[in-house]
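Open the model in your viewer and keep the selection panel to hand. We will go helix by helix.

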Amino acid sequence: MPPLARRRSVALWLVLLATVIVSALVFPPPGGAQHDYSTAIRILREGRDFRARARAALALGSSNDRSVTPALLGALGDENPAVRAAAANALGRLGDPDALDSLRTLASDTEPTVRTEAAAAVRRVEAANPGLAAAAAHVEPSHAGRLPSIAVIPRA
């Protein structure tokens, strides 16, 4: 084989090989790729720094994988309010209806930021699952026409 033909053959094989490698990196395998969130879950559960735990919760919320919901539900009981707020935010982004009861409970947390994030997460989950909001509306009693209760606290 002449040298020019050999160079063309080698160049063609290199282009083909590069195409296969790029395709493997860019396009996921059929059936979806499996992700391993074990590191983020371990940091969320065992991390010493609350900032790392909060970032892990937010990263899990960005995964769009509801299999991480149990780890985030566990983080709702974290000692640090920033972690609890991040976990509530993450659960809201996932939109998993299994988290609604825990998020509603968290809406009465002692920290205002946690309460705000929990309430926003409840709204996001209900918006992502329209049938839930309709079902909850039929279960809850109607308070139409009733005035809200007001507590008067004397000034000290």
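A helix axis here is a line fitted to the C-alpha atoms over the stretch in contact, and angles run from 0 to 180 degrees between N-to-C directions. Keep that for the helix pairs below.

**Whole chain.** This is a predicted model. Color by pLDDT. The mean is 80, and 70% of the residues reach 70 or more. Switch to cartoon. Along the sequence, the pattern reads α-α-α-α-α-α-α-α. Of the 156 residues, 28% count as buried. Among contacts between residues at least 6 apart in sequence, 59% join residues at least 24 apart.

**Select 112-128.** This is helix α7, with 17 residues. From its first C-alpha to its last it reaches 24 Å, close to the 24 Å expected at 1.5 Å a residue.

Now show side chains. Which residues of α7 are buried? They are Val114, Ala118, Ala121, Val122 and Val125. Look down the axis of α7: its buried residues fall within an arc of 105°, so they line one face of the helix. The spacing has a simple basis. An α-helix has 3.6 residues a turn, so residues three or four places apart point the same way.

Turn to the face of α7 directed away from its buried side. Thr113, Thr116, Arg123 and Ala127 are exposed there.

**Keep α5 and α7.** How do their axes run? They come within 8 Å and cross at roughly 10°. Angles under 35 degrees count as roughly parallel, so α5 is roughly parallel to α7. Display the residues that meet. From α5, pick Pro81, Arg84, Ala85, Ala88, Asn89, Leu91, Gly92 and Arg93. Their partners in α7 are Thr113, Val114, Glu117, Ala118, Ala121, Arg124 and Val125.

On the α3 side, select Phe50, Arg53, Ala54, Ala57, Leu58, Leu60 and Gly61. They meet Ala82, Val83, Ala86, Ala87, Asn89, Ala90, Arg93 and Leu94 in α5. Asn89 and Arg93 of α5 are listed in the meeting with α3 and also in the one with α7.

**Last stop: 138-145.** Read this stretch with care. Its pLDDT stays under 50. For these residues the model has 0 contacts beyond four places in sequence.

Key: Residues are numbered from 1 along each chain as its sequence is written. Side-chain values use heavy atoms; hydrogens and water are left out. pLDDT is the predictor's confidence in each residue, from 0 to 100. Contact means heavy atoms within 4.5 Å. Helices (H or I, at least four residues) and strands (E, at least two) are DSSP runs, numbered from the N terminus. The expected span of a helix is 1.5 Å times one less than its number of residues. Buried means under 20% relative accessible area, exposed over 50%, partly exposed in between (1.4 Å probe, protein chains only). The arc is that of the directions from the helix axis to the C-beta atoms. Angles under 35 degrees count as roughly parallel, over 145 as roughly antiparallel, 65 to 115 as roughly perpendicular and the rest as oblique.
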